[in-house]
Amino acid sequence: MDVRAGPLSVICHRSWESEEIPADWKLASVTAVDKKGLGEDLRNYRPVGLTSVPGKIVEKIILAAVGRHLKDNAIIRHSQHGFTKGKSCLTNLISSYGKITHLGDEGKVVDVVFWDFSKAFDTVPHGVLLNKLSNSEMSRYTVRWMKNWLNSRAQRAVVNVAASG
């Protein structure tokens, strides 16, 4: 085992238990990364947010805990495909196609509407999400930690070695 794992585990657990998030976990450094082509063309760059490794580790732990809670308590329906491990747009399409062709074979009329929710999480009101998790009997520590995490994140722009704010 890595010698850093023990102390990092203690820090992560104390952060979760105290609902306090270390300042350096909250700050993302946004920098431009060259996607392809000539570096002189600004259209070839995309912004990437770099966050602290411990913060990312805790995010993954919290995400896993939330996922287990939602699965164990049957909060997410079997028909949910987006943001569900082992399911995707493709599995959703296959499932829908099977239902649509079955209804068509029975001579029934089928209307289909497609919505693109690719940025859905970016627009979900965090208060609504946290309230739903709280109502689903999610651990109060986890919900409060997530609330503090969501309300305290910040970004700064980084170009070469210069950083804003």
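Reply: A salt bridge is taken here as a side-chain nitrogen of Lys or Arg within 4 Å of a carboxyl oxygen of Asp or Glu. The model is predicted, so local features need pLDDT of at least 70 and side-chain atom pairs count only at pLDDT 80 or more, while totals for chains, interfaces and linings use all residues. Residues are numbered from 1 along each chain as its sequence is written, and side-chain values use heavy atoms, with hydrogens and water left out.

By this rule there are three salt bridges. One of them joins Arg144 to Glu19, with the closest N and O atoms 3.5 Å apart. Arg144 belongs to helix H7 (residues 140–152) and Glu19 to the loop between helix H1 (5–18) and helix H2 (23–26), so this pair ties together parts that are 125 residues apart in sequence. Helices here are DSSP runs of H or I with at least four residues, numbered from the N terminus. Glu19 is buried at 16% relative accessibility, whereas Arg144 is partly exposed at 41%. Buried denotes under 20% relative accessible area, exposed over 50%, and partly exposed the range in between (1.4 Å probe, protein chains only).

A further salt bridge links Glu59 and Lys56, at 3.8 Å from N to O. Both residues lie in helix H3 (residues 53–72), three residues apart, and are therefore separated by about one helical turn. Glu59 is partly exposed, with a relative accessible area of 26%, and Lys56 is also partly exposed, at 40%.

Glu106 pairs with Lys108 in a salt bridge whose closest N and O atoms are 3.4 Å apart. Glu106 is partly exposed, at 42% relative accessibility.

Terms used. Helices (H or I, at least four residues) and strands (E, at least two) are DSSP runs, numbered from the N terminus.
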